[in-house]
Amino acid sequence: MKYRNTKQKELILDIIKNNHNHPTIYEIYDEVKKADATIGQATVYRNVKQFVKEGKIHLIKTKQGVDRYDFYQDHFHLECLACGKLFDIYDSNLLKQLKNKDYLKDFQATNYNLTIEGYCPECNGGKCEEV
Ligand SMILES: [Zn+2]
Ligand SMILES: [Zn+2]
């Protein structure tokens with residue numbers, strides 16, 4: 001039983017890791033179901049919550065009120081206020097600058113996350129059609 005739980009955990013985490021589109025819990029469950037139909041929704045939800053608690057993945061609360069999950073850390077996001085897409089930005093220079101900030105000297109930072117809000121090229125200033 002324990003072995004099986006570990007396997008399930010690994011599968012769920014793997015699916016989040018391989019998804020670079022900041023999946024919602026529904027999207028994660030959908031993919032888990034495809035990989036192993038015996039894993040129930042409650043198990044997926046419980047494990048995802050646990051991963052967040054353990055710091056293995058990150059919960060992103062978007063402006064649209066949708067919770068999204070991100071396996072990767074130390075990067076920034078451009079959040080489109082029209083379509084809700086999150087775009088990953090890896091800016092090592094900015095990250096380095098942040099890490100050298102005085103106000104972070106005595107603060108043990110575990111994840112550097114910065115969100116820039118606006119409109120993506122496709123949405124063109126908020127005139128986005130329903131996706
Ligand atoms: Zn957009
Ligand atoms: Zn991201």
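Predicted model: local features only at pLDDT ≥ 70, side-chain atom pairs only at ≥ 80, totals over all residues.

Q: Which residue is the bridge partner of Glu 79 in strand 4?
A: That's Leu 86.

Q: Let's zoom out. How many helices and strands does the chain have?
A: Four helices and five strands. Reading from the N terminus, the elements go α-α-α-β-β-β-β-α-β.

Q: And what box do the C-alpha atoms fill?
A: Along the principal axes, the box is roughly 50 × 45 × 20 Å.

Q: How much of the chain counts as buried?
A: 13% of the 131 residues.

Q: Where are buried residues in helix 2?
A: Helix 2 covers residues 25-35, and Ile 28, Tyr 29 and Val 32 are buried there. They sit on the same side of the helix, because they cover an arc of only 95 degrees around its axis.

Q: What about the other side of helix 2, which residues are exposed there?
A: Tyr 26 and Lys 34 are exposed on that other side.

Q: Switching topic: what about strand 1 and strand 2, how do they pair?
A: Strand 1 (residues 58-61) pairs with strand 2 in the antiparallel sense, over four bridges. One pairing to look for is Ile 60 with its bridge partner Arg 68 in strand 2.

Q: How many residues are between the strands in that hairpin?
A: Five, and Gly 65 in that hairpin takes a positive phi near 80 degrees.

Q: Which side chains of strand 2 point to which face?
A: They alternate along residues 67-70.

Q: I keep clicking on Lys 56. Where is it found?
A: Lys 56 is in the loop between helix 3 (41-54) and strand 1. Leaving out residues up to four places away in sequence, Lys 56 touches Leu 13 and Phe 51.

Q: Why does Lys 56 count as partly exposed?
A: Because Lys 56 has 16 other C-beta atoms within 10 Å, and partly exposed lies between the cut-offs of 12 or fewer for exposed and 20 or more for buried.

Q: How far apart are Lys 56 and Gly 118?
A: They are 28 Å apart in space, C-alpha to C-alpha, and 62 residues apart in sequence.

Q: Last topic, domains. What does the domain assignment give?
A: It gives domain 1 (2-61) and domain 2 (73-118). Their C-alpha centres lie 24 Å apart.

Q: How many residues does the contact take from each domain?
A: Four from domain 1 and five from domain 2. On the side of domain 1 that touches domain 2, one residue is nonpolar, three are polar and none are charged.

Note on methods:
Residues numbered from 1 in each chain as written. Chains lettered and ligands numbered in written order. Helix = DSSP H or I, 4+ residues; strand = E, 2+ residues; numbered from the N terminus. Arc of directions from axis to C-beta. Domains from an automatic or database assignment. Contact = placed C-beta atoms within 7 Å. Nonpolar A, V, L, I, M, F, W, Y, C, P; charged D, E, K, R; others polar. Pairing = 2+ DSSP bridges.
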